[in-house]
Amino acid sequence: MPDISSRLRRFRSTSPLSFRLLSWILVFSSALTLLASGVQIYSDYRKDLNDIENRMEVIESGYASSLTRSLWALDQTLLQTQMEGILSLPDISHLRLRIEPDSELVMGNIAAGSNTLSHSFDLEHHEGELFNLGRLTITASLDRVYEDLQTKIGVTLITQFLTIFVVSIVILSIFRHLVTRHLTAMAEYTRDLSLADLSRPLQLDRHEPASNLKDELGMVTDAINQMRERLNEDIARREHDAAEILKFSKAIDQSPSSVLICDKHWHIEYANRKFLQLTGHRLEEIQNQHPSSLISQSMDEREAQQLWQSVRLQVQRVGVWQGEINSARSNGERYWEQLVITPIKGANDETTGYLILGEDISIRKRYEQQLLRQANYDILTGLPNRMLALDRLKLAIAQARRDSTQVGVMFLDLDNFKHINDTLGHDAGDTLLVEAARRVSSCLRGTSTVARLGGDEFLVILPGLTDQADACQVAQRILLTFSSPFMLHAQEVFVTTSIGIAIFPTDADTSGTLLQHADAAMYEAKHQGKSSYALFTPEMTEVSHERLHMESHMRKALELNEFQLVYQPIVDTSSGKLIAAEALLRWNNPSLGTVMPDRFIPLAEETGMIIPIGEWVIKEACKAAQCWQALTGYGIGIAVNVSPRQFRDPGFTDVVHRALTDSNLKAELLELEITERLILDNTIETADILRQLDVAGVRLSVDDFGTGYSALSYLKTYPFDTLKIDKSFIQDVLTDTDDLALVRAIINMAHSLGLKVIAEGVEEEAQTHFLKSEHCDYSQGYFYSRPLPEQEFIHWLENNHRAAI
C-alpha cells in the first residue's frame, strides 16, 4: 500500500491532467455501473418475488376445491395429506388452516426474524346455498431470495470495479501518450521563451500520420510558433510605434473634436486645443477638477452630480457612455455638446483613466428642433398637425377611460374657403386660415387641442368632458367668433364654418371611428345650411357610407355614359309659343337607380366633379339645340344651370366658347342660369367672367331669384338678360297675398331694369292667367310639359300646337 500510495502522489504531481481524467472516469463509470447493476439486480429480485406470488396463486387454483371437499367430508387424514403436499413445494414454509367455527390446523415453521410473503383464500362449499368452511393462509420464506440477492450484488460489484479499473488504466495510458506529455513539452517551451531567444521553434515528439498533426495539439503548436513570429515582428515595430505614438498625440491635440483625458479618479489630466478653444477655459484652471464641475454652470449642481453618477455606472457596466448635454463656456454661454466617454485600459485590463470626446452640436440641435416642429406642427398656422393631433386624441381617450370622463371631437370645415382662395388668391387664403386658427384657439381652454388637418379642415379635441352639452357650448362660441368679418387685403369677407361633433365613448370607442363620425356630423351641419354644428347620430353613418358609395359611382358615370339630359319647354306667356328649353341633368345608375340632382349635385360641388360634369352638360345642350334648329328650321334657345364652383373655374369661359364652336350654335341661343348667391360675391373675377360671356353674346339669367339675399344693385351692375322667379313663389301666388305681391314686385322691378322675366313652376291654368295679367314674359312648368328626354322632347316639338310659330 505505501508503494502504491507514493506512486499515485508522484503520478498526480507529474501529470495532474491525467490524474483528473482518471478520477472523473472512475467517478462517472462507477456511478453508471452502480446504476445499471442496481437496475438489473432489482429486476432479478422482483422476478423471484413474482415467481413466489404466482406459485401461491397456483396453489389456490389447484388445491382450493380438493381442500374444500375434504373439509366438507370431515376427512382429516386426507386434509393433512393435502397440506403436507403444499408444504413440500419450494419456498412454502408455513400453513395455517382456520376451520369454522373455531378449529385451526397449523403446519410448518417460521424462523424468527426471517422475511416472509403470505397469501390467504377462503374455502367455500356450494350446495343449494353457500357454506364458508374455513380460510387457508400460506406463508412463503424469502430467505433464499435474499441470499441470491447478496451473492449477485457482491459478484457484480467486484466484476464491474475490475472492469472499470482496467479500462481507466488503458485510457489513461493512451491519453498520457497522446496528450499530456506533449502539453508538458509545450509548458517547458513557453516557460523558457523570452524576447532574447525567439529563434528556436516549438517541435513535439510525435510520430502520428500527417493528418493527425492538424489536431488540437498541432493547432496549439502552430499558434505558439505564430506567436513567436509575431513577437519577432513586434520587436521590429517597436521603434516604429514610438514614432506613431508621437504622431497620435499630435493628432489628438489638433483633433477637430474636443478631448479630455481623466485619471481613474475622474480628475482631468489633459485637454486638447479644441476643447480649450470651444470652452474658453485654460488647462491650468481645469486640471485636477472633476468634469461635472464644467457643466454645473449650465445646470443645477445636484443634476450634474446625478448625471455623472449615471455616466460612471454605465461606463463600468457597458464600457461606453454617449449622450447629449447642455454645457456652458467659461463666459456662461450655453451650447449643446455630444459626448462619448470610454475607459482607458491598462496592460492587465484595469481602468487607468477615462477618455471624453466632445463635439459642438448646437447647430444640429437647432435643425432637429425645427424638423421636430415641422413633423408635428402645421407650418402656416403653428397648430398641431394630423399626426400630433391623433397622438393627443389617443392620450385623451386613454385618460378618459381611467377617469370615466368623456372626450369631445369637433371636425371644422370653413364654408366657401375654395371660393376665397380662387377669387382673392392664395395669400388671402393663408391669412384666412391663420385668423381662423386664432379664433378657434381663443374659444378653448388650456387642456384642449386645436389642430389643422389640411386645407381648411380643423380638428378640436376636448378632453375631460362630463356632458356633451359642454362640447355644444364650445361649438356655439366658435360659431359666434366667426360672425365677425375677416379682413383680407383691406376687404371685409364673411366666412362661416360648419362643425361636426362626436363624443367618446357615446359615439365611438376608438380614435379612428370617432374622427369618421365627427366628419359625418360635419357634412350634416353643411347640409343644414352651413354656419352651424351637428352632433353625430347613428343615422349619419349610413348617410356617410351612402355618400362614399355615390361618390365612387359618380366618378365613373361620365365614362359609362350614365348621365342624361332632359328638357323642359320655356314658352311665351301671352302666346304659348315655345321660346327655349331648360336642360336638366339626370343620373341613371344600374345600382343606385335614377338619382335626382338635389342628391348628387352638392356632392359633385364638394368633390370638384361638377367641373367635368358641367362641361359635358353645356356641350350636350348646345348639340341638342343645334339639332332642334335643323329639325324645325328656327332657333330654339337652350338654358343651362351653372354651379358656383363651375362658374369660378379658370377655364369656364373657354368651355363655353368651345361648346358653341363645336356645335355651331349661335351664342344668343345659349342662356346660362347663375344663382343669386354667386353674384352677391361681388368679386372682380365674377364681374370679369360675366363681361366676357356678355361680349361673346351669351345670354345670362339670374336663377331662383328671391330665395337668397337679393342685391338689386348687382342686377343693374352686371349684364343680365333674364330674371327667373323661383317656383316656391309661383305655386302659392293665387292663395298667398304676400307671394302675389312679391311676384308682382319682381316683375315690375325686372322690367324697369330692362330684364325679361321667367316664371318657374307653373302648374295650373289660373296661374298662367295671373302671369299674363302681370305681363310676365315667359313661363315654365308642368302645365306646359314635364322635363322630357331628347327624343320625347323632339316628339313634343313636332306634335304640340304651342310649338308652332
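A polar contact is a pair of N or O atoms within 3.5 Å. The model is predicted.

N385 sits at its N-terminal end, with a side-chain oxygen 3.3 Å from the backbone nitrogen of M387.

| Helix | Residues | Length | Span | Expected span |
|---|---|---|---|---|
| Helix 11 | 386–403 | 18 residues | 25 Å | 26 Å |
| Helix 14 | 468–481 | 14 residues | 21 Å | 20 Å |

For helix 11, the span is close to the value expected at 1.5 Å a residue. The span of helix 14 is likewise close to its expected value.

Which residues of helix 14 are buried? They are A471, C472, V474, A475, I478 and L479. Seen down the axis of helix 14, these buried residues fall within an arc of 160°, so they line one face of the helix. They pack against strand 10, helix 13 (426–442), strand 12, strand 15 and strand 16 (533–535).

In helix 11, the buried residues are L388, A389, L393, A396, I397 and A400. Their packing partners include two helices, helix 10 (362–376) and helix 15 (511–527). Strand 10 (406–414), strand 11 (449–454), strand 12 (457–465) and strand 15 (497–504) are also packed against by the buried residues of helix 11. After helix 11 comes S404. The phi of S404 is positive, near 55°.

Elsewhere, four strands form an open sheet in the order 2-1-4-3. The pairing is antiparallel. Which strands lie at the edges? Strand 2 (103–108) and strand 3 (116–127) do, each pairing on one side only. Neighbouring strands of this sheet are turned by 15° against each other on average, direction ignored.

Strand 3 pairs with strand 4 (residues 129–141) in the antiparallel sense, over 12 bridges. L123 has G134 of strand 4 as its bridge partner.

What packs on the sheet? Helix 3 (residues 76–87) does, touching strand 1 (92–99), strand 2 and strand 4. The direction of helix 3 makes about 150° with that of strand 1.

How values were computed:
Residues are numbered from 1 along each chain as its sequence is written. This is a predicted model: local features need pLDDT of at least 70, side-chain atom pairs count only at pLDDT 80 or more; totals for chains, interfaces and linings use all residues. Side-chain values use heavy atoms; hydrogens and water are left out. The expected span of a helix is 1.5 Å times one less than its number of residues. Buried means under 20% relative accessible area, exposed over 50%, partly exposed in between (1.4 Å probe, protein chains only). Contact means heavy atoms within 4.5 Å. A polar contact is a pair of N or O atoms within 3.5 Å; within protein, one must be able to donate a hydrogen and the other to accept it, and residues adjacent in sequence count only if both atoms are side-chain atoms. The arc is that of the directions from the helix axis to the C-beta atoms. Two strands pair if DSSP finds at least two bridges between them. Axes are lines fitted to C-alpha atoms, for helices over the stretch in contact, and angles run from 0 to 180 degrees between N-to-C directions.
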